[in-house]
Amino acid sequence: GYSVVPWRRREGHATAALAQLLPLARAEGLRWVWLTTDPGNLASQRVIEANGGVLHGHFTKPPAFGGGPGLRYRIDLA
């Protein structure tokens, strides 16, 4: 997974990176994007929500991705 050294966290880099990616997805004709994260990863949840992500539910990750619970978010691009 993605990790930032502790002294560079909470500077908005991940939020800005996702914000820059969304127009590219829109330009490709996507109407929305799905993002997933772990329930305990509050930082990722904040990044997704800051970019318009809406929680669409809980799911169980496939074994190939470690199993366990996950959260599914959607960002509408239209």
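Which side chain does the side chain of Lys61 make a polar contact with? The partner is Asp38, at 2.6 Å. That pair is a handy way into this predicted model, a protein with two helices and three strands. Starting from the N terminus, the elements come in the order α-β-α-β-β. Of the 78 residues, 26% are buried. Here is a tour, grouped by topic.

**The strands**

- β1 (32-37) and β3 (69-76) pair in the antiparallel sense, with six bridges between them.
- Within that pairing, Trp32 faces Asp76 of β3.
- β2 (54-60) also pairs with β3, again in the antiparallel sense and over six bridges.
- On this side of β3, Thr60 has Pro69 standing opposite.

**Helix α1**

- α1 covers residues 13-27, 15 residues in all, and it stretches 22 Å from first C-alpha to last, close to the expected 21 Å.
- Leu18, Leu22 and Ala25 are the buried residues to look for in α1.
- Looking down the helix axis, the buried residues of α1 stay within an arc of 70°, so they line one face of the helix.
- Turn to the other side of α1 and you will find Gln20, Leu24 and Ala27 exposed.
- The cover over the buried residues of α1 includes β1, α2 and β3.
- Just past the end of α1 comes Gly29, with a positive phi of about 95°.

**Helix α2**

- α2 spans residues 42-50, and its buried members include Gln45, Val47 and Ile48.
- Seen along the axis, the buried residues of α2 fall within an arc of 160°, so they too line one face of their helix.
- These buried residues pack against α1, β1 and β3.
- Leu42 and Ala50, on the other side of α2, are exposed.
- Gly52 follows α2 and has a positive phi, near 90°.

**The nonpolar core**

- Which residues make up the largest nonpolar core? There are eleven: Leu18, Leu22, Ala25, Val33, Leu35, Val47, Ile48, Leu71, Tyr73, Ile75 and Leu77.
- α1, β1, α2 and β3 each supply at least two residues of this core.
- As general background, nonpolar side chains in soluble globular proteins tend to be buried together.
- Across the protein, 54% of the contacts between residues at least 6 apart in sequence join residues at least 24 apart.

**Asn51, between α2 and β2**

- Asn51 belongs to the loop between α2 and β2.
- Is Asn51 buried or exposed? Asn51 counts as buried because its relative accessible area is 13%, under the 20% cut-off.
- The Asn51 side chain reaches two backbone oxygens: that of Thr15 at 3.3 Å, and that of Val47 at 3.1 Å.
- Beyond residues up to four places away in sequence, Asn51 touches Thr15, Leu18, Ala19, Leu22 and Ile75.

**Pro39, between β1 and α2**

- Pro39 sits in the loop between β1 and α2.
- Pro39 is classed as partly exposed because its relative accessible area is 35%, which lies between the 20% and 50% cut-offs.
- Setting aside neighbours within four places in sequence, Pro39 is in contact with Gln45, Pro69, Gly70 and Leu71.
- His58 is 19 residues from Pro39 in sequence, and their C-alpha atoms are 8.6 Å apart in space.

**Lys61, between β2 and β3**

- Back to the opening residue: Lys61 lies in the loop between β2 and β3.

Key: Residues are numbered from 1 along each chain as its sequence is written. This is a predicted model: local features need pLDDT of at least 70, side-chain atom pairs count only at pLDDT 80 or more; totals for chains, interfaces and linings use all residues. Side-chain values use heavy atoms; hydrogens and water are left out. Helices (H or I, at least four residues) and strands (E, at least two) are DSSP runs, numbered from the N terminus. Buried means under 20% relative accessible area, exposed over 50%, partly exposed in between (1.4 Å probe, protein chains only). Contact means heavy atoms within 4.5 Å. A polar contact is a pair of N or O atoms within 3.5 Å; within protein, one must be able to donate a hydrogen and the other to accept it, and residues adjacent in sequence count only if both atoms are side-chain atoms. A nonpolar core is a set of buried Ala, Val, Leu, Ile, Met, Phe, Trp, Tyr and Cys residues joined through side-chain atoms within 4.5 Å. Two strands pair if DSSP finds at least two bridges between them. The expected span of a helix is 1.5 Å times one less than its number of residues. The arc is that of the directions from the helix axis to the C-beta atoms.
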